[in-house]
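Have a look around it before reading on.

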Amino acid sequence: MGQPDAAPAIAGRLRTIGTAAIFLALLWVAGRQTDFSFVDLWTGANDFFGFFLRLNPDWRALSQIWAPLLETLQIAYLGTVFGTLLAAPLIFLASFNTTANAPVMWIARTILTLIRSIPDLLYAAILAPILSIGPLPGVVALTIFTMAVLAKLASETVEAVDPGPLEALRATGAGRNRMIVYSVLPQIGATMTSYILYVFEINVRASTVLGLVGAGGLGQLLVTYLNFFDYEGIAVLIIVIFAVVLLIDAASVYIRTRLL
Amino acid sequence: MIEFHDVEVVYPNGFKALKGINLEIPRGQFVVIVGLSGAGKSTLIRTVNNLVVPVAGDVRVDGKSVTKATGGELRRLRSGIGMIFQTFNLVKRSTVIRNVLAGRLGDNNALLSLLGIFAKSDVALAHESLQRVGIPEKAFVRADALSGGQQQRVGIARALAQRPSIMLADEPVASLDPPTSHSVMRDLKRISREDGITTLVNLHFIDMAREYADRIVGMNGGEIVFDGTPDEATDDVFERIYGREIDEEHDIRGAA
């Protein structure tokens with residue numbers, strides 16, 4: 001009995017050892033190439049916490065923060081709404097069970113993969129000089145990001161729906177759009193709302209830094225403060241960002257648990 | 001009238017599900033198809049609405065080929081063929097009436113039905129269909145709040161909302177307890193009689209096949225191995241269809 005099992009067992013062990021070796025080798029190479037050092041990290045950490053201790057919030061900065069804060073939230077909101085609208089048709093074209101045909105499905109998936117391969121900050125950096133510095137490149141960058149991420153998440157949800165109702169509707173002679181509206185949408189509605197809220201959370205966080213590359217919002221103020229070494233202002237800004245992101249995360253988590 | 005001419009189905013994995021089926025079912029007949037799992041029963045009834053596409057042969061409904069139909073023509077043919085399923089296939093999060101109205105989607109104004117707007121006559125037909133299966137009071141309840149038997153009745157109502165001339169039932173009572181199974185079968189039979197609907201039912205259970213069928217078709221290995229009246233379908237015949245003895249250990253009669 002033991003003999004036939006021995007070979008696969010050895011193969012399995014070799015695979016485990018091989019995986020571990022590759023993992024450790026990559027770790028070593030990455031550490032060498034980036035000059036990673038625990039000593040530097042230790043001294044750096046002291047400076048890091050020292051920086052926070054030196055931060056002495058000057059609450060008068062608040063009056064300057066409200067407007068860009070509102071802008072940041074509006075950029076995130078617009079990006080989420082436009083991105084969701086653009087994602088809607090792609091979601092169903094990229095899912096095997098609702099697509100029109102195989103070539104269309106692969107085209108939709110390829111477009112999504114290509115879009116997703118570029119990070120949102122890079123989009124904003126490219127778009128800022130083209131669309132002129134301000135909130136507009138931020139909105140466009142987050143729209144693209146939302147579209148790609150949401151379509152990916154949602155099409156996985158669409159592909160996981162109960163195929164029974166789809167078959168039932170196909171049997172009644174309903175076309176593709178009606179099958180989607182009557183059998184897929186009711187099944188994915190709650191999950192989709194949850195995903196949209198989640199992407200909005202990510203977008204709020206992202207839009208606080210988009211200003212670093214000139215795409216409007218709080219980030220732009222952050223750059224100004226940094227340039228003037230205004231640590232009292234930066235302190236207030238960090239606290240505000242922290243509070244807002246925490247608040248939106250909490251609200252979104254609350255709504256999502258209520259939905260599912 | 002449904003005609004099968006040399007119908008062959010091969011699945012992508014190479015499995016031959018139907019091996020040259022020839023069958024003719026006159027209008028209004030209540031036919032029960034029996035056989036083991038994998039005998040080809042589900043495949044056979046799915047060729048009638050082209051959910052399964054044969055590699056050879058032709059299935060005709062009232063003289064029109066379903067097999068060769070495509071696009072809008074196929075959807076029109078399907079809209080006249082109701083279908084109910086073992087797992088009911090309702091949209092569980094939608095209301096009962098919305099599930100029944102889905103039966104109207106085959107021949108309806110595209111834009112309006114996408115917006116959820118149905119003609120008064122469609123809504124009336126949906127309520128009437130629920131009335132006929134005995135659950136008119138459940139119209140605005142969510143489908144997943146119903147019992148299994150009630151969900152299958154919604155399935156029947158959805159099919160009835162199509163005003164079908166043919167009804168396909170794929171193991172309609174396999175997920176139900178015996179008393180519920182019988183009441184669902186009685187409903188199916190009664191509706192088939194009242195409306196003159198040609199009905200094809202896949203069943204596992206011998207007793208039920210004998211009790212409700214006008215005609216029994218036995219399948220084994222993708223072929224028809226018996227075709228006759230319930231009286232002709234003796235225990236010997238069933239043993240031949242199932243390819244084994246009917247004994248207590250392998251009881252396939254089903255409890256009453």
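Start inside chain B: the buried residues of α7(B) are covered by, among others, β3 (30–34), α5 (120–132), α6 (148–160), β7 (166–170), β8 (198–203) and α8 (206–212) of chain B. Helices here are DSSP runs of H or I with at least four residues, strands are runs of E with at least two, and both are numbered from the N terminus. This is a predicted model, where local features need pLDDT of at least 70 and side-chain atom pairs count only at pLDDT 80 or more, while totals for chains, interfaces and linings use all residues. Residues are numbered from 1 along each chain as its sequence is written, and chains are lettered from A and ligands numbered from 1 in the order in which they are written.

So which residues of α7(B) are buried? They are B:S181, B:V184, B:M185, B:L188, B:I191 and B:S192 (buried: 20 or more other C-beta atoms within 10 Å of a residue's own; exposed: 12 or fewer; C-beta atoms placed from the backbone). Because they cover an arc of only 130 degrees around the axis, they sit on the same side of α7(B); the arc is taken from the directions from the helix axis to the C-beta atoms. On the face turned away from that buried side you'll find exposed B:P179, B:R186, B:R190 and B:E194.

Now for the two chains together. Their contact (C-beta atoms, placed from the backbone, within 7 Å) takes 18 residues from chain A and 22 residues from chain B. On chain A's side, α7(A) gives the most, with eight residues.

Conventions:
Contact = placed C-beta atoms within 7 Å.
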